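This short report covers aromatic contacts and strand pairing. The structure comes next.

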Amino acid sequence: MNKFRSRLLFALITLIISVLVGLGLLLGQIFNSFYINTFKDRMAKEVKLISIIIKDKGIQSKELEPILEEASETLNSHLTVINSEGDILQKAGNFKHNDERLINKVLKEYPDRKRGFEIVEEDEKVFYYGFPILNGNEHEGFLLASSPVESIMKTNQQIWGVLIASLGLALVLILLLGVRITSQYTRPIESATKVAIELAKGNYKARTYEDHLDETGMLSQSINILARNLQDMTRAQEMQQDRLQTLIENMGSGLILIDGRGYINLINRAFKETFGVHAGDLLFKIYYDAFEHSEIIEIVEEIFMTEVKVRKQLHIPLEIERRHFEIYGAPIIGINDEWKGIVLVFHDITELKKLEQMRKDFVANVSHELKTPITSIKGFSETLLDGAMDDRKTLESFLSIILKESDRLQSLIQDLLDLSKIEQQGFELNIHKLDLPELLEEVVLMLQHKADQKEVELILNIKMKEVIIHGDIHRLKQIFINLINNGIAYTPKGGSVTISVTSESDEAKIEVSDTGIGIREDEVPRIFERFYRVDKARSRNSGGTGLGLAIVKHLIEAHKGKIMVNSSVGQGTTFTVLLKKFLNED
(Lines give C-alpha, C1' and ligand atoms only; values in the text may rest on other atoms or scores of the structure.)
Protein backbone atom coordinates (compact mmCIF):
# COMPACT_ATOMS: atom_id res chain seq x y z
CA MET A 1 0.00 0.00 0.00
CA ASN A 2 3.01 2.30 0.45
CA LYS A 3 3.48 2.06 -3.32
CA PHE A 4 0.05 3.63 -3.78
CA ARG A 5 0.96 6.49 -1.46
CA SER A 6 4.33 6.92 -3.20
CA ARG A 7 2.70 6.97 -6.63
CA LEU A 8 0.12 9.46 -5.43
CA LEU A 9 2.79 11.71 -3.89
CA PHE A 10 4.96 11.43 -7.01
CA ALA A 11 2.04 12.39 -9.24
CA LEU A 12 1.13 15.26 -6.91
CA ILE A 13 4.73 16.53 -6.73
CA THR A 14 5.11 16.27 -10.51
CA LEU A 15 1.90 18.20 -11.04
CA ILE A 16 2.82 20.86 -8.48
CA ILE A 17 6.35 21.31 -9.88
CA SER A 18 5.00 21.51 -13.43
CA VAL A 19 2.42 24.10 -12.40
CA LEU A 20 4.95 26.13 -10.40
CA VAL A 21 7.57 26.01 -13.17
CA GLY A 22 5.01 27.11 -15.75
CA LEU A 23 3.72 29.79 -13.42
CA GLY A 24 7.29 30.98 -12.71
CA LEU A 25 8.15 31.18 -16.39
CA LEU A 26 4.96 33.07 -17.12
CA LEU A 27 5.42 35.51 -14.25
CA GLY A 28 9.11 35.99 -15.13
CA GLN A 29 8.27 36.86 -18.70
CA ILE A 30 5.48 39.19 -17.59
CA PHE A 31 7.69 40.97 -15.05
CA ASN A 32 10.60 41.13 -17.53
CA SER A 33 8.42 42.51 -20.30
CA PHE A 34 6.83 45.01 -17.92
CA TYR A 35 10.18 46.23 -16.67
CA ILE A 36 11.70 46.52 -20.16
CA ASN A 37 8.64 48.36 -21.50
CA THR A 38 8.71 50.69 -18.51
CA PHE A 39 12.43 51.27 -19.08
CA LYS A 40 11.85 52.02 -22.77
CA ASP A 41 8.96 54.38 -22.05
CA ARG A 42 11.03 56.21 -19.42
CA MET A 43 13.96 56.63 -21.79
CA ALA A 44 11.67 57.74 -24.60
CA LYS A 45 10.10 60.41 -22.41
CA GLU A 46 13.44 61.55 -21.03
CA VAL A 47 15.04 61.76 -24.49
CA LYS A 48 12.03 63.59 -25.87
CA LEU A 49 12.23 66.09 -23.03
CA ILE A 50 15.94 66.73 -23.63
CA SER A 51 15.35 67.06 -27.39
CA ILE A 52 12.81 69.81 -26.67
CA ILE A 53 15.43 71.64 -24.59
CA ILE A 54 18.00 71.24 -27.38
CA LYS A 55 15.54 72.49 -29.95
CA ASP A 56 14.77 75.46 -27.73
CA LYS A 57 18.41 76.34 -27.09
CA GLY A 58 19.66 75.44 -30.57
CA ILE A 59 21.53 72.38 -31.60
CA GLN A 60 24.90 74.16 -31.63
CA SER A 61 24.41 76.28 -28.52
CA LYS A 62 27.18 76.30 -25.93
CA GLU A 63 24.60 76.37 -23.17
CA LEU A 64 23.68 72.73 -23.86
CA GLU A 65 26.90 71.30 -22.48
CA PRO A 66 26.13 71.82 -18.73
CA ILE A 67 22.53 70.89 -19.28
CA LEU A 68 23.49 67.63 -20.97
CA GLU A 69 26.07 66.84 -18.27
CA GLU A 70 23.51 67.32 -15.54
CA ALA A 71 20.93 65.30 -17.46
CA SER A 72 23.42 62.51 -18.13
CA GLU A 73 24.34 62.32 -14.48
CA THR A 74 20.72 62.46 -13.37
CA LEU A 75 19.49 59.86 -15.87
CA ASN A 76 22.57 57.64 -15.61
CA SER A 77 22.79 57.66 -19.41
CA HIS A 78 25.30 58.66 -22.04
CA LEU A 79 23.94 61.49 -24.24
CA THR A 80 25.27 62.32 -27.72
CA VAL A 81 24.06 65.09 -30.10
CA ILE A 82 24.93 64.82 -33.80
CA ASN A 83 23.97 66.87 -36.85
CA SER A 84 22.43 65.53 -40.00
CA GLU A 85 25.90 64.88 -41.50
CA GLY A 86 26.89 62.72 -38.58
CA ASP A 87 29.20 65.15 -36.77
CA ILE A 88 29.18 64.99 -32.98
CA LEU A 89 28.12 68.35 -31.61
CA GLN A 90 27.65 67.59 -27.92
CA LYS A 91 28.63 64.63 -25.75
CA ALA A 92 27.97 63.94 -22.06
CA GLY A 93 28.52 60.88 -19.85
CA ASN A 94 31.29 58.46 -19.02
CA PHE A 95 30.00 55.40 -20.92
CA LYS A 96 32.30 54.52 -23.80
CA HIS A 97 31.08 52.93 -26.99
CA ASN A 98 31.78 52.92 -30.74
CA ASP A 99 30.32 56.28 -31.79
CA GLU A 100 31.26 55.92 -35.43
CA ARG A 101 29.46 52.62 -35.94
CA LEU A 102 26.42 53.93 -34.09
CA ILE A 103 26.29 57.18 -36.13
CA ASN A 104 26.64 55.29 -39.40
CA LYS A 105 23.84 52.93 -38.45
CA VAL A 106 21.55 55.84 -37.49
CA LEU A 107 22.24 57.81 -40.68
CA LYS A 108 21.83 54.70 -42.79
CA GLU A 109 18.69 53.21 -41.23
CA TYR A 110 16.89 56.21 -39.72
CA PRO A 111 17.83 59.24 -41.89
CA ASP A 112 14.33 60.68 -42.22
CA ARG A 113 12.82 59.29 -39.02
CA LYS A 114 10.49 61.74 -37.31
CA ARG A 115 9.80 59.58 -34.25
CA GLY A 116 11.99 58.00 -31.63
CA PHE A 117 13.67 54.66 -32.31
CA GLU A 118 15.62 52.12 -30.33
CA ILE A 119 18.76 50.19 -31.12
CA VAL A 120 20.13 47.20 -29.16
CA GLU A 121 23.77 46.24 -29.50
CA GLU A 122 24.00 42.74 -28.09
CA ASP A 123 27.76 42.58 -28.54
CA GLU A 124 28.33 45.74 -26.49
CA LYS A 125 25.36 44.96 -24.18
CA VAL A 126 24.11 48.56 -24.71
CA PHE A 127 20.60 49.88 -25.24
CA TYR A 128 20.32 53.00 -27.50
CA TYR A 129 17.39 55.28 -27.93
CA GLY A 130 17.46 58.00 -30.62
CA PHE A 131 15.17 60.93 -31.21
CA PRO A 132 15.31 63.28 -34.28
CA ILE A 133 15.81 67.05 -33.72
CA LEU A 134 13.55 68.78 -36.20
CA ASN A 135 13.37 72.37 -37.28
CA GLY A 136 10.04 72.41 -38.98
CA ASN A 137 10.27 69.50 -41.38
CA GLU A 138 14.04 69.58 -41.68
CA HIS A 139 16.36 67.25 -39.76
CA GLU A 140 18.96 69.26 -37.86
CA GLY A 141 20.33 66.15 -36.19
CA PHE A 142 19.74 63.40 -33.61
CA LEU A 143 19.87 63.01 -29.84
CA LEU A 144 21.22 59.57 -28.92
CA ALA A 145 20.89 58.24 -25.36
CA SER A 146 22.62 55.03 -24.38
CA SER A 147 22.33 52.91 -21.24
CA PRO A 148 24.11 49.62 -20.41
CA VAL A 149 22.00 46.44 -20.41
CA GLU A 150 23.66 45.28 -17.18
CA SER A 151 21.10 47.16 -15.08
CA ILE A 152 18.27 45.49 -16.96
CA MET A 153 19.88 42.05 -16.58
CA LYS A 154 20.55 42.66 -12.89
CA THR A 155 16.95 43.67 -12.34
CA ASN A 156 15.81 40.66 -14.33
CA GLN A 157 17.98 38.37 -12.17
CA GLN A 158 16.52 39.89 -9.05
CA ILE A 159 13.03 39.31 -10.38
CA TRP A 160 13.86 35.68 -11.15
CA GLY A 161 15.46 35.24 -7.76
CA VAL A 162 12.38 36.53 -5.99
CA LEU A 163 10.16 34.30 -8.14
CA ILE A 164 12.27 31.19 -7.55
CA ALA A 165 12.43 31.78 -3.81
CA SER A 166 8.69 32.42 -3.60
CA LEU A 167 7.77 29.44 -5.74
CA GLY A 168 10.27 27.21 -3.87
CA LEU A 169 8.74 28.18 -0.54
CA ALA A 170 5.28 27.61 -2.00
CA LEU A 171 6.45 24.19 -3.27
CA VAL A 172 7.72 23.20 0.17
CA LEU A 173 4.50 24.32 1.87
CA ILE A 174 2.35 22.60 -0.74
CA LEU A 175 4.42 19.41 -0.41
CA LEU A 176 4.04 19.38 3.36
CA LEU A 177 0.32 19.93 3.07
CA GLY A 178 0.12 17.36 0.27
CA VAL A 179 1.96 14.72 2.29
CA ARG A 180 -0.29 15.31 5.28
CA ILE A 181 -3.48 15.34 3.22
CA THR A 182 -2.50 12.22 1.24
CA SER A 183 -1.50 10.46 4.45
CA GLN A 184 -4.79 11.44 6.03
CA TYR A 185 -6.77 10.07 3.10
CA THR A 186 -4.61 7.10 2.13
CA ARG A 187 -4.16 5.73 5.66
CA PRO A 188 -7.82 4.59 5.92
CA ILE A 189 -7.55 3.17 2.41
CA GLU A 190 -4.36 1.32 3.36
CA SER A 191 -6.02 -0.02 6.50
CA ALA A 192 -9.11 -1.05 4.54
CA THR A 193 -6.91 -2.73 1.94
CA LYS A 194 -5.02 -4.70 4.62
CA VAL A 195 -8.32 -5.81 6.16
CA ALA A 196 -9.63 -6.79 2.71
CA ILE A 197 -6.49 -8.89 2.15
CA GLU A 198 -6.99 -10.59 5.54
CA LEU A 199 -10.62 -11.25 4.66
CA ALA A 200 -9.52 -12.77 1.37
CA LYS A 201 -7.18 -15.07 3.35
CA GLY A 202 -10.11 -16.18 5.54
CA ASN A 203 -9.33 -14.12 8.66
CA TYR A 204 -12.79 -12.70 9.31
CA LYS A 205 -11.76 -11.29 12.70
CA ALA A 206 -9.76 -8.47 11.07
CA ARG A 207 -11.12 -4.94 11.58
CA THR A 208 -10.15 -1.42 10.50
CA TYR A 209 -10.42 1.88 12.40
CA GLU A 210 -13.45 4.10 11.89
CA ASP A 211 -12.02 7.53 12.82
CA HIS A 212 -13.47 9.66 10.00
CA LEU A 213 -16.93 10.73 8.99
CA ASP A 214 -16.14 11.26 5.31
CA GLU A 215 -16.03 8.82 2.42
CA THR A 216 -12.98 7.01 3.83
CA GLY A 217 -14.81 6.56 7.13
CA MET A 218 -17.78 5.14 5.23
CA LEU A 219 -15.38 2.78 3.43
CA SER A 220 -13.89 1.60 6.74
CA GLN A 221 -17.35 1.18 8.23
CA SER A 222 -18.52 -0.81 5.20
CA ILE A 223 -15.43 -3.04 5.36
CA ASN A 224 -16.08 -3.73 9.07
CA ILE A 225 -19.74 -4.50 8.41
CA LEU A 226 -18.70 -6.86 5.63
CA ALA A 227 -16.15 -8.53 7.93
CA ARG A 228 -18.76 -8.98 10.70
CA ASN A 229 -21.28 -10.40 8.24
CA LEU A 230 -18.69 -12.78 6.81
CA GLN A 231 -17.67 -13.82 10.33
CA ASP A 232 -21.29 -14.46 11.31
CA MET A 233 -21.93 -16.36 8.09
CA THR A 234 -18.75 -18.41 8.54
CA ARG A 235 -19.59 -19.14 12.18
CA ALA A 236 -23.11 -20.21 11.22
CA GLN A 237 -21.75 -22.30 8.36
CA GLU A 238 -19.14 -23.92 10.60
CA MET A 239 -21.78 -24.63 13.23
CA GLN A 240 -24.08 -26.11 10.61
CA GLN A 241 -21.19 -28.12 9.16
CA ASP A 242 -20.21 -29.37 12.62
CA ARG A 243 -23.77 -30.40 13.33
CA LEU A 244 -24.03 -32.18 10.01
CA GLN A 245 -20.62 -33.81 10.49
CA THR A 246 -21.56 -34.91 14.00
CA LEU A 247 -24.89 -36.29 12.77
CA ILE A 248 -23.27 -38.15 9.87
CA GLU A 249 -20.39 -39.55 11.93
CA ASN A 250 -22.54 -40.63 14.90
CA MET A 251 -25.55 -42.03 13.10
CA GLY A 252 -26.02 -45.72 13.66
CA SER A 253 -26.32 -46.58 9.98
CA GLY A 254 -23.59 -46.53 7.36
CA LEU A 255 -23.72 -43.69 4.83
CA ILE A 256 -21.99 -43.17 1.46
CA LEU A 257 -22.19 -40.13 -0.81
CA ILE A 258 -21.41 -40.60 -4.52
CA ASP A 259 -21.09 -37.60 -6.85
CA GLY A 260 -22.63 -37.23 -10.29
CA ARG A 261 -19.61 -38.84 -11.99
CA GLY A 262 -19.74 -41.93 -9.79
CA TYR A 263 -16.87 -41.10 -7.45
CA ILE A 264 -17.24 -41.67 -3.69
CA ASN A 265 -16.95 -38.36 -1.80
CA LEU A 266 -18.04 -39.26 1.73
CA ILE A 267 -18.23 -42.29 4.03
CA ASN A 268 -19.14 -42.14 7.70
CA ARG A 269 -17.68 -43.94 10.70
CA ALA A 270 -20.53 -46.46 10.98
CA PHE A 271 -19.90 -47.73 7.44
CA LYS A 272 -16.15 -48.02 8.05
CA GLU A 273 -16.67 -49.92 11.30
CA THR A 274 -19.38 -52.18 9.90
CA PHE A 275 -17.53 -53.15 6.71
CA GLY A 276 -14.03 -52.95 8.25
CA VAL A 277 -12.60 -50.53 5.65
CA HIS A 278 -10.49 -47.39 5.80
CA ALA A 279 -11.38 -44.04 4.25
CA GLY A 280 -8.47 -44.25 1.81
CA ASP A 281 -9.82 -47.54 0.43
CA LEU A 282 -12.98 -45.91 -0.94
CA LEU A 283 -12.74 -42.12 -1.04
CA PHE A 284 -12.38 -40.50 -4.47
CA LYS A 285 -12.61 -43.85 -6.26
CA ILE A 286 -15.20 -44.88 -8.85
CA TYR A 287 -17.96 -46.89 -7.21
CA TYR A 288 -17.59 -50.11 -9.24
CA ASP A 289 -13.89 -50.30 -8.33
CA ALA A 290 -14.44 -49.40 -4.68
CA PHE A 291 -17.27 -51.82 -3.78
CA GLU A 292 -16.46 -55.52 -3.48
CA HIS A 293 -20.07 -56.71 -3.47
CA SER A 294 -21.85 -56.84 -6.81
CA GLU A 295 -25.26 -56.35 -5.14
CA ILE A 296 -24.29 -52.84 -3.99
CA ILE A 297 -22.93 -51.98 -7.46
CA GLU A 298 -26.23 -53.08 -9.02
CA ILE A 299 -28.19 -50.81 -6.66
CA VAL A 300 -25.99 -47.81 -7.58
CA GLU A 301 -26.36 -48.52 -11.29
CA GLU A 302 -30.12 -48.87 -10.92
CA ILE A 303 -30.36 -45.43 -9.27
CA PHE A 304 -28.15 -43.89 -11.96
CA MET A 305 -30.33 -45.36 -14.70
CA THR A 306 -33.80 -44.80 -13.21
CA GLU A 307 -33.19 -41.72 -11.01
CA VAL A 308 -35.70 -43.05 -8.46
CA LYS A 309 -35.38 -44.16 -4.84
CA VAL A 310 -34.45 -47.78 -4.19
CA ARG A 311 -34.88 -49.86 -1.02
CA LYS A 312 -33.59 -53.44 -0.86
CA GLN A 313 -32.59 -56.03 1.73
CA LEU A 314 -29.28 -57.80 1.11
CA HIS A 315 -27.52 -60.67 2.84
CA ILE A 316 -23.84 -59.71 2.55
CA PRO A 317 -20.85 -61.79 3.71
CA LEU A 318 -18.48 -59.83 5.96
CA GLU A 319 -15.32 -61.61 7.10
CA ILE A 320 -16.51 -64.76 8.93
CA GLU A 321 -20.24 -63.99 9.08
CA ARG A 322 -23.10 -62.95 6.84
CA ARG A 323 -25.06 -59.88 7.86
CA HIS A 324 -28.44 -58.57 6.81
CA PHE A 325 -28.66 -54.98 5.50
CA GLU A 326 -31.56 -52.83 4.41
CA ILE A 327 -30.04 -50.47 1.83
CA TYR A 328 -31.81 -47.22 1.03
CA GLY A 329 -30.55 -45.33 -2.01
CA ALA A 330 -31.81 -42.04 -3.36
CA PRO A 331 -30.69 -39.66 -6.13
CA ILE A 332 -29.54 -36.16 -5.14
CA ILE A 333 -31.13 -33.64 -7.49
CA GLY A 334 -30.35 -29.95 -6.99
CA ILE A 335 -31.92 -26.75 -8.23
CA ASN A 336 -33.13 -26.74 -11.83
CA ASP A 337 -33.10 -30.56 -11.85
CA GLU A 338 -29.31 -30.64 -11.74
CA TRP A 339 -27.93 -34.12 -11.07
CA LYS A 340 -25.72 -34.06 -7.98
CA GLY A 341 -25.15 -37.71 -7.17
CA ILE A 342 -26.42 -40.55 -4.98
CA VAL A 343 -26.71 -41.17 -1.24
CA LEU A 344 -26.71 -44.72 0.13
CA VAL A 345 -27.75 -45.60 3.68
CA PHE A 346 -26.93 -49.07 5.08
CA HIS A 347 -29.18 -50.17 7.96
CA ASP A 348 -27.74 -53.21 9.74
CA ILE A 349 -30.82 -55.33 10.50
CA THR A 350 -28.91 -58.46 11.48
CA GLU A 351 -30.06 -58.25 15.09
CA LEU A 352 -33.64 -57.63 13.98
CA LYS A 353 -33.45 -60.69 11.79
CA LYS A 354 -32.06 -62.69 14.72
CA LEU A 355 -34.85 -61.44 16.98
CA GLU A 356 -37.41 -62.28 14.33
CA GLN A 357 -35.96 -65.78 14.00
CA MET A 358 -35.91 -66.15 17.80
CA ARG A 359 -39.55 -65.10 17.90
CA LYS A 360 -40.41 -67.68 15.27
CA ASP A 361 -38.41 -70.32 17.14
CA PHE A 362 -40.09 -69.33 20.40
CA VAL A 363 -43.56 -69.65 18.91
CA ALA A 364 -42.63 -72.99 17.35
CA ASN A 365 -41.08 -74.27 20.60
CA VAL A 366 -44.02 -73.13 22.73
CA SER A 367 -46.41 -74.74 20.31
CA HIS A 368 -44.37 -77.94 20.36
CA GLU A 369 -43.97 -77.97 24.15
CA LEU A 370 -47.69 -77.38 24.69
CA LYS A 371 -48.71 -79.83 22.02
CA THR A 372 -46.82 -82.76 23.54
CA PRO A 373 -48.58 -82.93 26.96
CA ILE A 374 -51.93 -81.93 25.48
CA THR A 375 -51.64 -84.70 22.88
CA SER A 376 -50.79 -87.20 25.64
CA ILE A 377 -53.68 -86.07 27.83
CA LYS A 378 -56.10 -86.17 24.89
CA GLY A 379 -54.87 -89.57 23.71
CA PHE A 380 -55.14 -91.26 27.08
CA SER A 381 -58.51 -89.59 27.80
CA GLU A 382 -59.94 -90.86 24.51
CA THR A 383 -58.57 -94.33 25.25
CA LEU A 384 -60.28 -94.33 28.64
CA LEU A 385 -63.53 -93.12 27.13
CA ASP A 386 -63.36 -95.89 24.58
CA GLY A 387 -63.59 -98.52 27.38
CA ALA A 388 -60.14 -98.75 28.94
CA MET A 389 -61.48 -97.33 32.21
CA ASP A 390 -63.16 -100.65 32.98
CA ASP A 391 -59.72 -102.08 33.63
CA ARG A 392 -58.74 -100.83 37.08
CA LYS A 393 -55.03 -101.22 36.51
CA THR A 394 -55.10 -99.53 33.11
CA LEU A 395 -57.25 -96.75 34.51
CA GLU A 396 -54.78 -95.99 37.28
CA SER A 397 -51.85 -96.10 34.87
CA PHE A 398 -53.50 -93.77 32.37
CA LEU A 399 -54.66 -91.36 35.06
CA SER A 400 -51.16 -91.16 36.52
CA ILE A 401 -49.79 -90.35 33.03
CA ILE A 402 -52.48 -87.70 32.57
CA LEU A 403 -51.59 -86.21 35.97
CA LYS A 404 -47.91 -86.18 35.13
CA GLU A 405 -48.53 -84.46 31.79
CA SER A 406 -50.88 -82.00 33.50
CA ASP A 407 -48.16 -81.16 36.04
CA ARG A 408 -45.70 -80.73 33.18
CA LEU A 409 -48.14 -78.47 31.36
CA GLN A 410 -48.73 -76.47 34.54
CA SER A 411 -44.98 -76.17 35.12
CA LEU A 412 -44.46 -74.98 31.54
CA ILE A 413 -47.20 -72.35 31.83
CA GLN A 414 -45.86 -71.22 35.21
CA ASP A 415 -42.35 -70.85 33.80
CA LEU A 416 -43.71 -68.86 30.87
CA LEU A 417 -45.58 -66.58 33.25
CA ASP A 418 -42.47 -66.16 35.43
CA LEU A 419 -40.29 -65.39 32.41
CA SER A 420 -42.82 -62.90 31.07
CA LYS A 421 -43.05 -61.21 34.46
CA ILE A 422 -39.25 -61.03 34.85
CA GLU A 423 -38.80 -59.51 31.38
CA GLN A 424 -41.35 -56.78 31.98
CA GLN A 425 -40.03 -53.23 32.37
CA GLY A 426 -41.51 -52.68 35.81
CA PHE A 427 -40.25 -55.93 37.37
CA GLU A 428 -38.99 -55.33 40.93
CA LEU A 429 -37.22 -57.50 43.45
CA ASN A 430 -38.19 -57.76 47.12
CA ILE A 431 -34.74 -56.99 48.55
CA HIS A 432 -33.87 -58.15 52.10
CA LYS A 433 -30.74 -59.02 54.02
CA LEU A 434 -30.18 -62.80 54.02
CA ASP A 435 -27.63 -65.45 54.91
CA LEU A 436 -26.50 -67.18 51.68
CA PRO A 437 -25.27 -70.48 53.27
CA GLU A 438 -28.58 -70.84 55.13
CA LEU A 439 -30.52 -70.31 51.88
CA LEU A 440 -28.41 -72.93 50.05
CA GLU A 441 -28.94 -75.45 52.87
CA GLU A 442 -32.72 -75.04 52.45
CA VAL A 443 -32.44 -75.58 48.68
CA VAL A 444 -30.27 -78.68 49.14
CA LEU A 445 -32.76 -80.06 51.67
CA MET A 446 -35.59 -79.49 49.14
CA LEU A 447 -33.76 -81.40 46.38
CA GLN A 448 -32.16 -84.10 48.51
CA HIS A 449 -35.00 -86.56 47.93
CA LYS A 450 -34.74 -86.21 44.15
CA ALA A 451 -30.99 -86.67 44.30
CA ASP A 452 -31.38 -89.78 46.45
CA GLN A 453 -33.88 -91.23 44.01
CA LYS A 454 -31.36 -90.78 41.18
CA GLU A 455 -28.48 -91.87 43.39
CA VAL A 456 -26.65 -88.56 42.88
CA GLU A 457 -24.68 -87.15 45.78
CA LEU A 458 -25.33 -83.56 46.81
CA ILE A 459 -22.31 -81.90 48.42
CA LEU A 460 -22.59 -78.48 50.13
CA ASN A 461 -19.11 -77.05 50.55
CA ILE A 462 -19.34 -73.97 52.80
CA LYS A 463 -16.29 -73.13 54.93
CA MET A 464 -17.64 -69.97 56.56
CA LYS A 465 -20.53 -69.67 58.98
CA GLU A 466 -22.38 -66.88 57.26
CA VAL A 467 -22.22 -64.81 54.08
CA ILE A 468 -24.64 -61.89 54.32
CA ILE A 469 -25.93 -60.43 51.04
CA HIS A 470 -28.89 -58.32 49.88
CA GLY A 471 -31.37 -59.99 47.56
CA ASP A 472 -34.82 -61.42 46.94
CA ILE A 473 -34.86 -64.68 48.93
CA HIS A 474 -37.58 -66.35 46.84
CA ARG A 475 -35.93 -65.45 43.51
CA LEU A 476 -32.51 -66.57 44.72
CA LYS A 477 -34.04 -69.90 45.78
CA GLN A 478 -35.56 -70.18 42.31
CA ILE A 479 -32.09 -69.57 40.76
CA PHE A 480 -30.28 -72.22 42.76
CA ILE A 481 -33.17 -74.75 42.56
CA ASN A 482 -32.95 -74.55 38.77
CA LEU A 483 -29.14 -74.84 38.69
CA ILE A 484 -28.95 -77.73 41.19
CA ASN A 485 -31.96 -79.47 39.62
CA ASN A 486 -30.27 -79.29 36.20
CA GLY A 487 -27.11 -80.73 37.72
CA ILE A 488 -29.08 -83.65 39.16
CA ALA A 489 -31.00 -84.19 35.91
CA TYR A 490 -27.89 -84.28 33.68
CA THR A 491 -25.66 -86.26 36.08
CA PRO A 492 -25.74 -90.04 35.69
CA LYS A 493 -26.18 -92.51 38.53
CA GLY A 494 -23.32 -92.44 41.00
CA GLY A 495 -22.30 -88.88 40.12
CA SER A 496 -22.27 -85.82 42.33
CA VAL A 497 -23.36 -82.19 42.41
CA THR A 498 -21.20 -79.85 44.50
CA ILE A 499 -22.28 -76.41 45.75
CA SER A 500 -19.51 -74.17 47.09
CA VAL A 501 -19.57 -70.59 48.42
CA THR A 502 -16.70 -68.11 48.76
CA SER A 503 -16.89 -64.53 49.95
CA GLU A 504 -14.93 -61.52 48.69
CA SER A 505 -14.97 -57.87 49.75
CA ASP A 506 -18.00 -56.76 47.76
CA GLU A 507 -19.45 -59.92 46.19
CA ALA A 508 -20.23 -63.55 46.85
CA LYS A 509 -19.20 -66.36 44.52
CA ILE A 510 -21.35 -69.50 44.24
CA GLU A 511 -20.30 -72.49 42.11
CA VAL A 512 -22.62 -75.37 41.17
CA SER A 513 -20.52 -78.20 39.71
CA ASP A 514 -21.69 -81.59 38.46
CA THR A 515 -20.04 -84.66 37.00
CA GLY A 516 -22.66 -85.02 34.29
CA ILE A 517 -22.67 -85.31 30.50
CA GLY A 518 -21.24 -81.81 29.93
CA ILE A 519 -22.00 -79.31 27.16
CA ARG A 520 -20.30 -78.95 23.80
CA GLU A 521 -18.39 -75.68 23.33
CA ASP A 522 -20.56 -74.54 20.40
CA GLU A 523 -23.72 -75.06 22.50
CA VAL A 524 -22.58 -73.05 25.55
CA PRO A 525 -23.68 -69.61 24.17
CA ARG A 526 -27.19 -70.99 23.47
CA ILE A 527 -28.03 -72.73 26.75
CA PHE A 528 -29.70 -69.56 28.11
CA GLU A 529 -32.09 -69.37 25.13
CA ARG A 530 -35.72 -70.28 25.67
CA PHE A 531 -36.55 -73.97 25.11
CA TYR A 532 -32.96 -74.84 24.20
CA ARG A 533 -31.93 -78.27 25.47
CA VAL A 534 -28.55 -79.93 25.41
CA ASP A 535 -30.14 -83.40 25.56
CA LYS A 536 -33.77 -83.06 24.54
CA ALA A 537 -34.83 -86.60 25.45
CA ARG A 538 -33.21 -86.45 28.90
CA SER A 539 -34.69 -83.07 29.74
CA ARG A 540 -38.20 -84.03 28.72
CA ASN A 541 -38.00 -87.23 30.70
CA SER A 542 -36.90 -85.20 33.71
CA GLY A 543 -39.89 -82.90 33.34
CA GLY A 544 -37.85 -79.88 32.23
CA THR A 545 -39.49 -77.09 30.24
CA GLY A 546 -36.36 -75.61 28.61
CA LEU A 547 -37.01 -72.25 30.30
CA GLY A 548 -35.10 -72.74 33.56
CA LEU A 549 -31.73 -71.27 32.52
CA ALA A 550 -33.41 -68.36 30.71
CA ILE A 551 -35.21 -67.52 33.98
CA VAL A 552 -31.95 -67.94 35.94
CA LYS A 553 -30.06 -65.55 33.66
CA HIS A 554 -32.73 -62.84 33.91
CA LEU A 555 -33.01 -63.14 37.69
CA ILE A 556 -29.22 -62.91 38.16
CA GLU A 557 -29.07 -59.84 35.92
CA ALA A 558 -31.93 -58.32 37.94
CA HIS A 559 -29.68 -58.77 41.03
CA LYS A 560 -26.91 -56.98 39.00
CA GLY A 561 -24.89 -60.19 39.07
CA LYS A 562 -23.17 -62.39 36.51
CA ILE A 563 -23.35 -66.06 35.53
CA MET A 564 -20.58 -67.95 33.75
CA VAL A 565 -20.38 -71.50 32.40
CA ASN A 566 -17.39 -73.83 32.11
CA SER A 567 -18.08 -77.27 30.70
CA SER A 568 -16.35 -80.27 29.16
CA VAL A 569 -18.20 -83.07 27.38
CA GLY A 570 -18.23 -86.23 29.51
CA GLN A 571 -16.62 -84.49 32.52
CA GLY A 572 -19.30 -82.18 33.78
CA THR A 573 -20.37 -78.56 33.98
CA THR A 574 -19.68 -75.72 36.43
CA PHE A 575 -22.02 -72.73 36.74
CA THR A 576 -20.40 -69.76 38.51
CA VAL A 577 -22.70 -67.09 39.94
CA LEU A 578 -21.36 -63.71 41.16
CA LEU A 579 -23.75 -61.71 43.37
CA LYS A 580 -23.13 -58.27 44.83
CA LYS A 581 -23.46 -58.08 48.60
CA PHE A 582 -24.94 -54.58 48.65
CA LEU A 583 -27.30 -53.71 45.82
CA ASN A 584 -27.89 -50.16 47.10
CA GLU A 585 -24.28 -49.21 46.18
CA ASP A 586 -25.11 -49.03 42.43
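Y287 has a relative accessibility of 10% and so counts as buried (under 20% relative accessible area; exposed is over 50%, partly exposed in between; 1.4 Å probe, protein chains only). This is a predicted model, where local features need pLDDT of at least 70, side-chain atom pairs need pLDDT 80 or more, and totals for chains, interfaces and linings use all residues. Residues are numbered from 1 along each chain as its sequence is written, and side-chain values use heavy atoms, without hydrogens and water.

**Aromatic pairs**

The whole structure holds 7 aromatic pairs. Rings of Phe, Tyr and Trp (its six-membered ring) pair if their centres lie within 6.5 Å; planes under 30 degrees apart are stacked, over 60 edge-to-face, the rest tilted. Two of the pairs involve Y287.

| Pair | Centre to centre | Angle between planes | Type |
|---|---|---|---|
| Y287 and Y288 | 5.2 Å | 75° | edge-to-face |
| Y287 and F304 | 5.9 Å | 25° | stacked |

The Y287 and F304 pair links distant parts of the chain, 17 residues apart. Y287 sits in helix α8 (residues 287-290), F304 in helix α9 (residues 294-306). Helices are DSSP runs of H or I with at least four residues; strands are E runs of at least two; both are numbered from the N terminus. Y288 is partly exposed at 47%. F304 is partly exposed too, at 22%. Elsewhere, F271, F275, F325 and F346 form one aromatic cluster.

**Strand pairing**

Strands pair if DSSP finds at least two bridges between them. Strand β14 (residues 496-503) runs parallel to strand β12 (residues 457-462), joined by 6 bridges. β14 also pairs with strand β15 (residues 507-514), antiparallel, over 7 bridges. β14 and β15 form a hairpin with 3 residues between them. V497 of β14 is the bridge partner of L458. V497 also has a bridge partner in β15, D514.
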